[in-house]
Amino acid sequence: MRRHTGRAVRILLLTMAELGEADEAELQRLVAAEQQKAQFTAQVHHFMELCWDKCVEKPGNRLDSRTENCLSSCVDRFIDTTLAITSRFAQIVQKGGQ
């Protein structure tokens, strides 16, 4: 992503009137990618809070086996759900493009 950062900064420094169609499309693509990253990060933080609240009764130096199993199951459910949702969205997009 670093190689795109310099280009993004240069694009942002131009006025909208100076942007060509290619630059506008690139800027929109970069903004959309950053928004997706921010949404994903927010979802991961929310998920971590949910699993922590559900599984960790009292924090300590080590996790007991019950807590480890709970966290592992919680993560597995999150991954399975995310994959299922992603797959479904891909199917919808694919059908919409036909």
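I began with C70, which is buried because its relative accessible area is 15%, and buried means under 20%. I note here that the model is predicted.

**Partner of C70.** I looked up which cysteine C70 is joined to. A disulfide joins C70 to C55, with an S to S distance of 2.0 Å. I recalled that a disulfide is a covalent bond between the sulfur atoms of two cysteines. C55 lies in helix α2 and C70 in helix α3, so the pair ties together parts that are 15 residues apart in sequence. C55 is buried, with a relative accessible area of 0%.

**The other link.** I found C51 joined to C74 by a disulfide, S to S 1.8 Å. This pair links distant parts of the chain: C51 sits in helix α2 (residues 21-55) and C74 in helix α3, 23 residues apart. The link of C51 and C74 is left-handed, with -85° about the S-S bond. I checked accessibility for both ends. C51 counts as buried at 2% relative accessibility, and C74 counts as buried at 9%.

**Count and pairing.** The count comes to 2 disulfides. With the bonded cysteines of the protein numbered in sequence order, I wrote the pairing as 1-4, 2-3.

**Surface.** I then asked which residues make a nonpolar surface patch. V75, I79 and L83 make one of about 250 Å². L83 is found in helix α3 (residues 65-96). L83 counts as exposed because its relative accessibility is 55%, and exposed means over 50%.

Note on methods
Residues are numbered from 1 along each chain as its sequence is written. This is a predicted model: local features need pLDDT of at least 70, side-chain atom pairs count only at pLDDT 80 or more; totals for chains, interfaces and linings use all residues. Side-chain values use heavy atoms; hydrogens and water are left out. Patches are made of residues with over 30% relative accessible area and no salt bridge: like charges are joined within 9 Å, nonpolar side chains (Val, Leu, Ile, Met, Phe, Trp, Tyr) within 5 Å. Accessible areas come from the Shrake-Rupley method with a 1.4 Å probe; for residues, only the protein chains shown count as cover. A salt bridge is a side-chain nitrogen of Lys or Arg within 4 Å of a carboxyl oxygen of Asp or Glu. Helices (H or I, at least four residues) and strands (E, at least two) are DSSP runs, numbered from the N terminus. Buried means under 20% relative accessible area, exposed over 50%, partly exposed in between (1.4 Å probe, protein chains only). A disulfide is a pair of cysteine sulfur atoms within 2.5 Å.
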